[in-house]
Amino acid sequence: MIAISLIEGSRLDLSAFRNYGVFVIRDCFSDRETTELVSVWNDFYESDLRNNRLVGANGASAQDLCETVPDAIARLYKHPRLVALMNSIYGENVVFCQQRILIKDHHFGGGVPGHQDFSYYRGGMNKVGLFVPLTLCHPRNGGLHFVLKSHKFGYLGERGYIPSPKLLPPHLDKLEVVSPTVRPGDVMLMDICTWHFSLDSETGESRVYVNPYYQPATDGSYDTLLSGAWQTDTFWRDHDIASLLTTESQIHAAELRKLRERQ
Ligand SMILES: O=C(O)CCC(=O)C(=O)O
């Protein structure tokens with residue numbers, strides 16, 4: 001078993017991150033920043049979410065928060081500390097892909113089967129995701145589990161969805177699983193190919209991560225340059241690729257409708 005100290009620290013250990021596919025930075029934000037962020041989240045939760053919230057609206061995954069979050073949280077992906085972290089991985093030229101809020105609470109506390117995130121994103125495989133906790137997150141409230149070194153298998157393609165029990169010991173005796181307990185102020189990094197999953201919450205208490213993704217500016221699949229300069233002249237936005245995907249999903253939806261009508 002690896003010592004947890006190998007994948008955590010007060011600063012990013014880049015070679016450990018590249019080797020294990022995950023790394024936890026403790027106390028990445030100052031106490032003042034953390035207190036402010038947590039208070040924005042708690043106020044929003046009490047006023048807008050505690051009594052009622054949308055779960056799985058418009059085809060979203062159940063763990064995706066559907067409501068619009070306050071600016072301080074919506075803009076978190078461009079916090080200078082997070083951009084600096086990405087600069088330490090990619091150098092000066094960094095692009096933002098997208099940001100989600102992953103939530104479990106008394107409205108939804110279900111587990112999420114093992115998978116890797118790459119198939120949900122556009123462009124190249126060189127991407128890093130962050131999990132920035134806004135609450136205490138640990139295995140008992142449905143916190144994330146990571147399969148160490150699994151990113152080294154690359155893209156799993158259609159085999160990319162793995163029932164979580166198969167990833168837990170004793171089934172998985174060659175690769176190791178960790179589920180770090182994290183607090184507001186900490187930041188977890190994950191390679192986009194790292195297998196990860198979560199189990200049902202046993203407590204029902206809130207478990208919330210902000211989950212932005214980043215890539216180097218050599219990849220024009222997303223449009224938001226966060227620092228430095230573009231290192232490509234080829235952009236997805238110029239080639240109507242997104243609308244091809246939309247057309248494909250419209251065709252699938254129409255086929256499904258026809259099948260249902262026949263039943
Ligand atoms: O929120 C969770 O427990 C898992 C979320 C996740 O990995 C995802 O949606 O890609």
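The following legends describe close-up views of a predicted model.

**View 1. The residues around the ligand.** Nine positions make up this view: Ser61, Gln63, Leu102, Val112, Asp117, Gly142, Leu144, His196 and Ser198 are the residues around the ligand. By residue type, this shell divides into three nonpolar, five polar and one charged.

**View 2. The largest nonpolar core and tyrosine 214.** The largest nonpolar core comprises 54 residues. Within this core, the residues with the most contacts are Val22, Phe23, Met188, Leu189 and Tyr214. Strand β3 (residues 94-104) supplies the largest share of the core, namely seven residues. Tyrosine 214 is in contact with Val94, Val95, Phe96 and Cys97, among others. Further contacts of tyrosine 214 include Met86, Lys127 and Val128. Neighbours within four places in sequence are left aside in this list of contacts.

**View 3. The two sides of helix α4.** Helix α4 spans residues 80-90, and Leu82, Leu85, Met86 and Tyr90 are buried in this helix. Seen down the axis of α4, the buried residues fall within an arc of 120 degrees, so they line one face of the helix. Pro80 and Ser88, on the other side of α4, are exposed. The elements that cover the buried residues of α4 include β3, β5 (128-133) and β11 (207-216). Just after the helix, glycine 91 adopts a positive phi of about 85 degrees.

**View 4. An open sheet of five strands.** The strands of this open sheet follow the order β7-β4-β10-β6-β8, and their pairing is antiparallel. At the edges lie β7 (161-162) and β8 (177-178), each of which pairs on one side only. Strand β6 (residues 144-147) is joined to β8 by two bridges, and these two strands run antiparallel. Valine 147 has valine 177 in β8 as its bridge partner.

View 5. Tyrosine 45 belongs to helix α2, which covers residues 31-49. Is tyrosine 45 buried, exposed or partly exposed? There are 18 other C-beta atoms within 10 Å of tyrosine 45. Not counting residues up to four places away in sequence, tyrosine 45 touches Arg50 and Ser206. Tyrosine 45 and serine 206 are 161 residues apart along the chain, yet their C-alpha atoms are separated by 9.6 Å.

Terms used: Residues are numbered from 1 along each chain as its sequence is written. This is a predicted model: local features need pLDDT of at least 70, side-chain atom pairs count only at pLDDT 80 or more; totals for chains, interfaces and linings use all residues. A residue is near a molecule or strand if its C-beta atom, placed from the backbone, lies within 6 Å of it. Ala, Val, Leu, Ile, Met, Phe, Trp, Tyr, Cys and Pro count as nonpolar, Asp, Glu, Lys and Arg as charged, and the others, Gly among them, as polar. A nonpolar core is a set of buried Ala, Val, Leu, Ile, Met, Phe, Trp, Tyr and Cys residues joined through C-beta atoms within 7 Å. A residue is buried if 20 or more other C-beta atoms lie within 10 Å of its own, exposed if 12 or fewer, and partly exposed in between; C-beta atoms are placed from the backbone. Helices (H or I, at least four residues) and strands (E, at least two) are DSSP runs, numbered from the N terminus. Two residues are in contact if their C-beta atoms, placed from the backbone, lie within 7 Å. The arc is that of the directions from the helix axis to the C-beta atoms. Two strands pair if DSSP finds at least two bridges between them.
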